[in-house]
Amino acid sequence: MRKWIIVMALALIAGIIAACGGTPGSSGGGEAESAATVETSAADAGNPFAKYGDITLKVASADNQDPGPKPVIEELARQFEEKYPNVTVEIDFKGFSDYIKVIPLQMASDDAPDVAEGNQGWQIDGQLVKSQLILPLTDQLEMMGWKDWYTPDTFQQFEWADDGSKFGEGTVYGVGQFGQSTGVFYNKKKLADAGIDPASLATWDDFQAAVLKLRDSLPKDEPVVTIGNLDGYAIVHAWGMFQGANSTNPQSIRDWVFQADGATFDNAENIAALKQLQDWVNAGVFGTDYNAVNENDAAAAFAKGQGAFLMGGNWQAGVVKDGLGADAGFMNGPPGVSGKHIAIGSTSLPWHISSKSKYPDVAAAFINHLINGEGSAQLMYDQVQIPAVQSAPQPEGDEYLGQVATGWQQLVKDGGLTLFLDWSSPTMYDTMGAEFQKLAAGKATPEEVAKAIQADWQKFHDTLK
């Protein structure tokens with residue numbers, strides 16, 4: 001499951017890296033840099049890695065969910081070992097919260113993993129790039145065809161200036177395996193009982209009208225739209241669809257996340273979206289206890305029949321399917337003024353090659369197999385995970401999973417992934433959670449919320465200067 005990043009101070013991470021001697025070139029770093037240019041696609045001669053003898057490829061991952069990403073990664077690792085018998089893949093799985101706390105330290109150590117997931121944004125990937133703890137993937141993009149995996153808009157989340165000073169442009173340092181975006185799950189039976197055809201919800205106005213119609217017909221103590229905001233981010237994920245419906249240019253949202261000069265949250269589009277969200281809260285669309293349950297519990301409640309819609313991440317697709325069965329459906333938040341699908345989303349955590357690895361060519365081949373190896377897409381679908389690469393086939397024989405996969409591909413095609421808004425500063429997670437709570441409680445106006453969020457952004461922007 002994709003959650004907002006655990007907040008950590010940049011200075012603390014930088015201090016940890018410095019204290020651990022994270023200088024490229026030490027402990028094999030120079031050897032790694034020269035080996036990074038090995039043409040890893042030249043496997044025609046058999047096993048190109050036999051020259052190393054028996055080796056262990058160390059991998060660090062935060063994708064420890066089972067069912068979910070973990071079984072996919074484990075099976076693909078087993079296949080990789082079978083293909084290259086002299087390579088043993090050793091994977092260290094941790095939960096996301098623990099992982100994010102320790103991965104900067106691990107990458108800076110003399111025993112760094114060869115392959116590791118980072119996290120998009122200034123707090124983790126920005127520091128790994130700045131400290132030169134991960135390798136650029138320029139060679140792999142060309143020689144291994146990785147440049148065709150994503151659209152230019154999608155690639156932005158992996159791009160950095162080589163000194164870590166700019167995000168969203170420059171050199172590609174990572175690639176993601178799964179597509180993780182937000183959208184709208186729906187209960188087919190409840191919509192049918194209310195006389196609403198999901199296919200008729202073609203625009204944001206259509207969707208809003210259906211939601212308000214259902215508010216009049218469903219029991220007063222039942223939410224129309226189920227969310228679980230106990231951790232503070234679910235209402236922001238849902239609001240991202242309001243933002244998308246009111247946005248004329250999704251790149252302007254990404255620019256704000258990237259801390260581009262002149263970007264602002266305090267604009268008419270976001271204020272209009274905040275006002276719409278506040279109207280839904282006041283109308284009782286989300287019910288009364290949405291702040292008392294977390295995201296997983298809310299998804300489970302929806303899967304048991306609570307609410308007509310669930311606005312949230314596609315990573316809940318398996319839970320919804322298991323509960324609703326044939327009544328489960330999924331769609332993106334319908335387009336608004338731009339006519340495009342725009343919502344919060346990104347790939348899963350990016351895979352990186354350590355600058356200290358003695359086997360960067362093996363590491364690249366492993367990442368290639370994880371993301372785009374033969375049969376990898378079906379393995380992902382079997383675990384109700386969505387492949388991120390744009391060339392992935394659609395799942396066969398599963399209409400519902402096909403809807404979820406189409407949702408990701410639609411957002412990618414429309415250039416509508418706005419990423420996760422808390423990437424924009426080390427403190428944005430807390431700030432947005434608090435400000436949206438004030439909005440929902442009627443203790444702040446949309447204008448006040450927009451100004452407070454922009455003030456947090458500006459404070460961090462000033463430090464980057």
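Why is helix α5 (residues 122-130) largely enclosed by the rest of the structure? The legends below begin with that helix.

**Figure 1. Helix α5 and its buried residues.** Of the 9 residues of α5, 8 are buried, so the helix is largely enclosed by the rest of the structure. Buried means under 20% relative accessible area, exposed over 50%, and partly exposed in between, with a 1.4 Å probe and protein chains only. The buried residues are W122, Q123, I124, D125, G126, Q127, L128 and V129. After α5 comes Q132, which has a positive phi near 55°. The model is a predicted one, in which local features need pLDDT of at least 70 and side-chain atom pairs count only at pLDDT 80 or more, while totals for chains, interfaces and linings use all residues. Residues are numbered from 1 along each chain as its sequence is written, and side-chain values use heavy atoms, with hydrogens and water left out.

**Figure 2. The largest nonpolar core.** A nonpolar core is a set of buried Ala, Val, Leu, Ile, Met, Phe, Trp, Tyr and Cys residues joined through side-chain atoms within 4.5 Å. Among the 141 residues of this core, F207, V225, F309 and M311 touch the most other members. Helix α15 (residues 360-372) supplies the largest share of the core, 8 residues. Leaving aside residues up to four places away in sequence, V225 is in contact (heavy atoms within 4.5 Å) with V211, W280, V285, F286, F309 and M311.

**Figure 3. Helices α18 and α19.** Helices (H or I, at least four residues) and strands (E, at least two) are DSSP runs, numbered from the N terminus. The axes of α18 (residues 428-440) and α19 (residues 446-464) come within 10 Å and cross at roughly 170°. Axes are lines fitted to C-alpha atoms, for helices over the stretch in contact, and angles run from 0 to 180 degrees between N-to-C directions. The crossing makes α18 roughly antiparallel to α19; angles over 145 degrees count as roughly antiparallel, under 35 as roughly parallel, 65 to 115 as roughly perpendicular and the rest as oblique. On α18 the contact is made by M428, T431, M432, E435, F436 and L439, and on α19 by P446, E448, V449, A452, I453, D456 and W457.

**Figure 4. The surroundings of N229.** N229 lies in the loop between β8 (225-226) and α10 (234-246). With a relative accessibility of 2%, N229 counts as buried. Residues up to four places away in sequence not being counted, N229 touches A234, I235, Y290, N291, V293 and Q437.
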